[in-house]
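Trainee: I'm new to this one. Could you take a close look at the salt bridges with me and walk me through them?

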Amino acid sequence: MTAGRNQTADAEGTGSAVGTESTASTVGTESTSAERIADTVAATRPSAIGPAPHPARRRPPTRIIILTTGLSAALATLILLACGLGAFHIAPADVVGSLAHRAHLGGHRLNPVAESVLWDVRMPRVALAVLVGACLGCAGALMQGVFGNPLADPGVIGVSSGGAVGAVAVIVSGVQVLGQWTASAAAFVGGLVTVFAVYLLSRSGGRTEVLTLVLTGIAVNALGGALIGVLLFLADPVAVNEVAFWQLGSLSQATWPQVGAVLPFAAVGLLAAPRFAGRLDLLALGEGPARHLGVDVERLRLVLITLVAVLTAAAVAVSGIIGFVGLAVPHLLRMAAGPGHRFLIPGSALGGAVVLVAADLAARTVAAPAELPLGVLTALLGSPVFFWLLRRSRAARGGWA
């Protein structure tokens, strides 16, 4: 009898081990970053006797260190160039000297004209380009993680078109409740309202589906475009010129107060987004496995869509519609460093800042003294990138189901 029970226990133990190995094999096959997901599960799943210890932090892979260093160096270089280049040239050494002087680290003060150009015109524009680019890049990474599709961007859920409708409606109607801030405030509120309308319209039975969100967003974007067309038809020529700012995108009206208005929303979104990196890695397995591993998928989706709405609406409120930054930057970084969101989210913010500072510098210098619309320039450069990404994805996956 004892021998029989021992044999039975051995058989059950063997079966349990085989089942465990099979489950681990399945998770490893489905995961695009198995070690990262294993660490996340170990950190979030409690054991029978208490919380599991936090896994030892690994040193970031060499390619991530190289990418981070390269992007940081590129951003610093572009900031110096953007501050110095233009109709009034300021040497990079003078820019550094003025920065050091303002920070009480030595340096030297420039002549009054150069100081005014640098600190009243160029610095707020460069700072706003950094903030807007970081917001759009980070929002794009979050959207691609939520939708599980590397070809998603913040515009999918209608935040850009909703913001434009709010701004255009205020401009055409002539409302000036908040003075010069009226259009920006209307754009911000319009973007947020549109996103939550898309979410509520997509919700059924207490749940939302990615496909329904996408289709609802497409419908809302079409409605937004139609409303803008109607408002332009009713607008006078002066209002039409103002509306062009929101449709074409520009940072030409950048001021320090605008930087101060965007900064709190950008800071909240950019600091909060990396906290969801581990759950986004688990969501990459699929909604079913993610729920099994303890992720509240519906709550996660709502929180991340809210973050995307705040980041994108803040950007649209001061820059108008600027496309393809949130699409191309996260996808290119994913190709270079892999799908792990611990780097992808902050890396996309850094990459978005690099791209938008470079694009804004080109927009105001390539056709000087004229200035190209920033949204037009990013679309001209981003469209070929999008087409290439689409062809590459189709070749690799046989098209999207």
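Predicted model: local features only at pLDDT ≥ 70, side-chain atom pairs only at ≥ 80, totals over all residues.

Mentor: Searching the whole structure turns up 8 salt bridges. Let's start with Arg203 and Glu298, whose closest N and O atoms sit 3.1 Å apart. Arg203 belongs to strand β1 (residues 203-204) and Glu298 to helix α13 (residues 297-319), so this pair ties together parts that are 95 residues apart in sequence.

Next up is Arg342, which forms a salt bridge with Asp281; here the closest N and O atoms are 4.0 Å apart. This pair also links distant parts of the chain, with Arg342 in helix α15 (residues 341-365) and Asp281 in helix α11 (residues 277-283), 61 residues apart. Arg342 is partly exposed, with a relative accessible area of 47%. Asp281 counts as buried, since its relative accessibility is 4% and the cut-off for buried is under 20%.

The side chains of Arg291 and Glu287 meet in a salt bridge, 3.3 Å from N to O. Both residues lie in helix α12 (residues 287-292), 4 residues apart, which is about one turn of the helix. Arg291 is partly exposed at 34% relative accessible area, and Glu287 counts as partly exposed too, at 25%. Finally, look for Arg102, Arg109 and Glu115: salt bridges that share partners join these residues into one network.

Terms used:
Residues numbered from 1 in each chain as written. Heavy atoms only, no water. Helix = DSSP H or I, 4+ residues; strand = E, 2+ residues; numbered from the N terminus. Buried < 20%, exposed > 50% of the residue type's maximum accessible area, 1.4 Å probe, protein only.
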